[in-house]
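Hello,

Here is the structure you asked about.

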Amino acid sequence: MKTKVWTVDVKRDLSTNCPQIAQAARLLQQNETVAFPTETVYGLGANAKHSEAVAKIYEAKGRPSDNPLIVHIAEIEQLAEFAEVDSPQAEMLMKRFWPGPLTLVLPCKPGVLSTRVTAGLDTVAVRMPDHPVALELIRQAGVPVAAPSANLSGKPSPTKAEHVVNDLNGRIAGVVDGGPTGVGVESTVVSCTGEIPVILRPGGVTKEQLEEAAGPVLIDQGLTDEKKAPMSPGMKYTHYAPEAPLAIVNGGVEDIQRLIDQYQKDGMKVGVLTTEERADVYQADAVRICGRRDRLETVAAGLYDVLRSFDEERLDFIFAESFPEEGVGRAIMNRLLKAAGHRVIEA
């Protein structure tokens, strides 16, 4: 399969009839797979109603089949076709954060979506992305679009079209290149099937923001307790990992440099993931900056690009600084822990 790449200038092309998006939308209507930008990461989309189309997502990514997919919509009216909204908190969260980096898990109406989307569950995860290319593509396709991140399963999620091409060229029908994404980590996933909403995956919308909009919100115990299985199936698997083993270090700059020195003395090529404030301190084979420590949203935006960049250096080991688990820091640490396979060094 030859993968078509369309470049879309958000400021220019969306002001007129955009042939690139029209072509991509036709492929979705023909039950093919198309990658597209959202405000979080690039998604790999297919018609959520068609099982053969959805199967192509799993095949292209090498994704486990018990891992449900998020359905993307462009208009709130699309929800009534396949989901039940019987939670006042869900309505408040939609009103406050849609379009935006928030996914809601809702009761699913039977017989509308492919069971491959829901992995056989009676619930469905839905979001409305805050990106003009994504919204226009979904509108023109005229179907709800199932879309996980557009990467090979287990690798860092793509925040640029080139990341998608590197992973999936020849495996999918097309890629709409709308430039780099903004938030950088995936959407927050919140279950609204009980009396109190539960965060199943931390992401671009923080717990504090959710509670400000809709009252008390719980956090799935599986996210913080390794002995408990996470409620969100996607959280079971190692994700976001660079090729070299990675460990998070709970310690200061001196502790991390001491580890670097020790590994280099043993003949290993070592990288370190850090921030602008500390970049000049480290002596390592590869020093990568993912943002500013005093602005964690910049760390979230740069995290996956940095994790991917380490692969170019053919390293033997990577050390990553840790970050405070508050606000978007929860999402950053969640992704780093997944990338490290929960390997943490207490220095």
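Val 190 stands opposite Ile 199 in strand 10. Strand 9 (residues 188-191) pairs with strand 10 (residues 198-201) in the antiparallel sense over three bridges; pairing requires that DSSP finds at least two bridges between two strands. Six residues lie between strand 9 and strand 10, and the two form a hairpin. Strands (E, at least two residues) and helices (H or I, at least four) are DSSP runs, numbered from the N terminus.

This is a predicted model, in which local features need pLDDT of at least 70 and side-chain atom pairs count only at pLDDT 80 or more, while totals for chains, interfaces and linings use all residues. Residues are numbered from 1 along each chain as its sequence is written, and side-chain values use heavy atoms, with hydrogens and water left out.

Ile 199 also has a bridge partner in strand 11, Ile 219. Strand 10 and strand 11 (residues 218-219) pair in the parallel sense over two bridges. Between them the chain passes through helix 9 (residues 207-214), and this β-α-β crossover is right-handed (with the strands pointing away from the viewer, the path from the first strand over the helix to the second runs clockwise).

Now the helices. The axes of helix 2 (residues 19-29) and helix 7 (residues 132-141) come within 8 Å and cross at roughly 50 degrees; axes are lines fitted to C-alpha atoms, for helices over the stretch in contact, and angles run from 0 to 180 degrees between N-to-C directions. Helix 2 and helix 7 are therefore oblique to each other (under 35 degrees counts as roughly parallel, over 145 as roughly antiparallel, 65 to 115 as roughly perpendicular and the rest as oblique).

Regards
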